[in-house]
Every structure is written in C-alpha cells, then in structure tokens.
Amino acid sequence: MASLQQSTLKTDVSTELLIAHIVQIHASVCKLESLTPSKQVNTLLTHLVKLCIPPSSIDITALPEETQLIRQSLITLCGKAEGLLELEFSTFLSKLPQPLHNLNLFPYYGNYMKLANLEYRILSDNGVVQPKKVAFIGSGPLPLSTLILATHYMKSTCFDNFDIDEAANAAARQLVASDNELQRRVKFHTQDVMEVRDKLGEYDCIFLAALVGMNKEEKVEILGHVRKYMKEGGNLLVRSVKGARAFLYPVVEEEALLGFEVLTTFHPTNEVINSIILARKPVV
C-alpha cells in the first residue's frame, strides 16, 4: 500500500472454513482472563488477522445472526486489545529520551506509515495538499496517524485530536510533549464527537478512525452529526473495511454517507487492513 497498486494476496480458503476458524478463535479469545498484551493474546489475534486479510468474496450482510453476533463481539474484543497494546507502547515510549524518534519500535508502525502515505496521496489527488486545520476523531493513546502525517506530510498543519478516554489523551500528550514544535500544532481533547458541534466547522479535513462507531447504527448517527456541523466544502476521510476484514473492524455502508459527495473509495488487498473513503460536504 506504499503505492496505489493493489498487490494481491492469494486466498483459497472457503467461506465455510474461514468462518469455522474465526468462530474457533473467538471462543479462545473469550476464554482469556485479560486482553492486555501477552504472548497468548498476540498469537490468537495475529492468527485472526492473517485469516481475515486475504481477499474474500464473503458477504457480511448475508451471515446468520449467530455469526453476526460473533463478528460484533470480535470487533469489540480486537478494539480493546488494540487500545491496551497502544497504551502500553505509548507509556513505554514516553520513558525514552526521544520518544518520537522511536515510534518504529511499535510492531505495526510500518503499516501506519503505509496507511498515512496512501491517505495523503488520496487527499492530494483530490486537491487537499496542506490543510490549515485537521481533526482526527478517535486518536487513542498512540496517535500514530496524526504523528506521521504531522511530521512527514502536513508539516505546517494544526491537528485537533478527539478521544473519549482521558487516559488515552494523557498518554498521547506525554508523547508529544517531547517535541516543542509538534506540541504547538498537535492538541488533544477529551470529548465525545457527538458533543462537538460548531468546532467541527473549523476543519478543512476530518479523519474518522475505524473504531469510532462500532456498528451500522452508530456510524450513521456519527456521520450525520459530523456532516451537519462540518463546513461546506470540507473533506471527510473515513476508514472502513471490505470482505473478511469486517471481522476486525466495522464496515461503513454507503447509506451512512448520505448527504456527502463521495470522491473516492480505495480497498487495499495487501497487509494494510483499512479501506479509505474520501467524501466532501457539498457547497450549497
């Protein structure tokens, strides 16, 4: 995903076998006493990711109710495990003399680099090159997307990061505090996006993290709220998934983007999980 070429991963696992493996992993994850980083947690979730990444013709909407419930449970469990892993690494990095020079110690840093590169190229191709002000909703304790974009691509842009978890924001602030120039441009706010109104109209571009809105209904509500308050002509970059990757993250359905002009949608078929949807609020 370092380029827009879609490198294809082979898949020959039938849908039935794939679901059987996923159900088995879900049962094992549910038996864990904790989702804090450990060899057991890492082994199970790595296996799950490897199963879900290859291109798949699976129709998530056609799954039986029992499988849908397992899928929703897995999204929640993976989200919690991801948050705990990021918090552990953010805390660890903050204790180093130069935390921001050691972000590559995070095991998935390379994937974040590829994702940021793709997102910036998609924005650039659609006329968004150096926005003055950007919001990132759902930034978490280790805000790698913001940090990579701010230091590699948008070197004069101001970033407002929103997360509902103050502990996550505290960890993120500690990381950024090691760099005076970055600290001036990158701020963190503990607030539910549904409580953010007029301020959304300040941003040239808004990023919506994959785990903001854990199901279809929440996504529709959040996207409708953002559309209502963001400025006309403003850009919204939404992360979604396709195929079996929907067992890892929520899918953004087309109807959730009503009222937006969808500029482009890109579905990676390599090791980077998230699809990218770029939409714009029309100028009336």
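Student: Is glycine 138 buried, partly exposed or exposed?
Tutor: This is a predicted model, and the answer is computed from it. Glycine 138 sits in the loop between β1 and α5. Buried means under 20% relative accessible area and exposed means over 50%. At a relative accessible area of 23%, glycine 138 is partly exposed.

Student: How many Å separate the C-alpha atoms of glycine 138 and leucine 35?
Tutor: Along the chain, glycine 138 and leucine 35 are 103 residues apart.

Student: Why is α5 described as largely enclosed by the rest of the structure?
Tutor: Helix α5 covers residues 144–153. Its buried residues include Leu144, Leu147, Ile148 and Tyr153. Helix α5 is largely enclosed because its buried residues number 8 of 10.

Student: What unit do β1, α5 and β2 make?
Tutor: Take the strands first. Strand β1 (residues 133–137) pairs with β2 in the parallel sense, over 5 bridges. Lysine 133 has cysteine 158 in β2 as its bridge partner. With helix α5, the two strands make a right-handed β-α-β unit.

Student: How many residues of β2 are buried?
Tutor: Strand β2 spans residues 158–163 and has 6 residues. The strand is mostly covered. The buried count is 5.

Student: Which residue in β3 is the bridge partner of aspartate 163?
Tutor: Strand β3 covers residues 186–190. It runs parallel to β2, joined by 5 bridges. For aspartate 163, the bridge partner in β3 is threonine 190.

Student: How are the planes of phenylalanine 89 and phenylalanine 92 arranged, stacked or edge-to-face?
Tutor: The structure holds 7 aromatic pairs. In this one, the ring centres are 6.3 Å apart and the planes stand at 85°. Planes over 60 degrees apart count as edge-to-face. The pair is therefore edge-to-face.

Student: What separates phenylalanine 89 and phenylalanine 92 along helix α3?
Tutor: Helix α3 runs over residues 65–94. An α-helix has 3.6 residues a turn, so residues three or four places apart point the same way.

Student: Is phenylalanine 89 buried or exposed?
Tutor: Phenylalanine 92 is partly exposed, with a relative accessible area of 41%. Phenylalanine 89 has 16% relative accessibility. The cut-off for buried is under 20%, so phenylalanine 89 counts as buried.

Student: Where is phenylalanine 106, which pairs with phenylalanine 89?
Tutor: The rings of phenylalanine 89 and phenylalanine 106 form an edge-to-face pair, 5.2 Å centre to centre with 85° between the planes. Both residues are buried. They are 17 residues apart, and the pair links distant parts of the chain. Phenylalanine 89 is in helix α3, and phenylalanine 106 is in the loop between α3 and α4.

Student: Which residues do ring pairs link into a cluster?
Tutor: Phenylalanine 89 has ring pairs with phenylalanine 92 and with phenylalanine 106. Two tyrosines also belong to the cluster. The members are Phe89, Phe92, Phe106, Tyr108 and Tyr112.

Student: Which element gives the most to the lining of the second largest pocket?
Tutor: The second largest pocket has a volume of about 590 Å³. Its lining has 27 residues, and those closest to the centre are Ile60, Thr61, Val251, Val252 and Glu253. By class, the lining holds 11 nonpolar, 9 polar and 7 charged residues. With 4 residues, the element that gives the most is α3.

Student: Which residues point the other way from Asn235, Leu237 and Arg239 in β5?
Tutor: In a regular strand the side chains alternate between the two faces of the sheet. Strand β5 (residues 235–240) is largely enclosed, because 6 of its 6 residues are buried. Pointing the other way are Leu236, Val238 and Ser240.

Student: Which strand does β5 join in the antiparallel sense?
Tutor: Strand β4 (residues 205–208) runs parallel to β5, with 4 bridges. Together with α8, β4 and β5 make a right-handed β-α-β unit. Valine 238 has isoleucine 277 in β7 as its bridge partner. The antiparallel partner of β5, joined by 6 bridges, is β7.

Key:
Residues numbered from 1 in each chain as written. Predicted model: local features only at pLDDT ≥ 70, side-chain atom pairs only at ≥ 80, totals over all residues. Heavy atoms only, no water. Phe/Tyr/Trp six-rings, centres within 6.5 Å; stacked < 30°, edge-to-face > 60°. Buried < 20%, exposed > 50% of the residue type's maximum accessible area, 1.4 Å probe, protein only. Pairing = 2+ DSSP bridges. Right-handed = clockwise from strand over helix to strand, strands pointing away. 1 Å grid on protein atoms, 1.4 Å probe; cavity = no way out; pocket = protein on both sides within 12 Å on 5 of 7 lines; lining within 4 Å. Points joined across faces, edges and corners; volume = space filled by probe spheres on them. Nonpolar A, V, L, I, M, F, W, Y, C, P; charged D, E, K, R; others polar.
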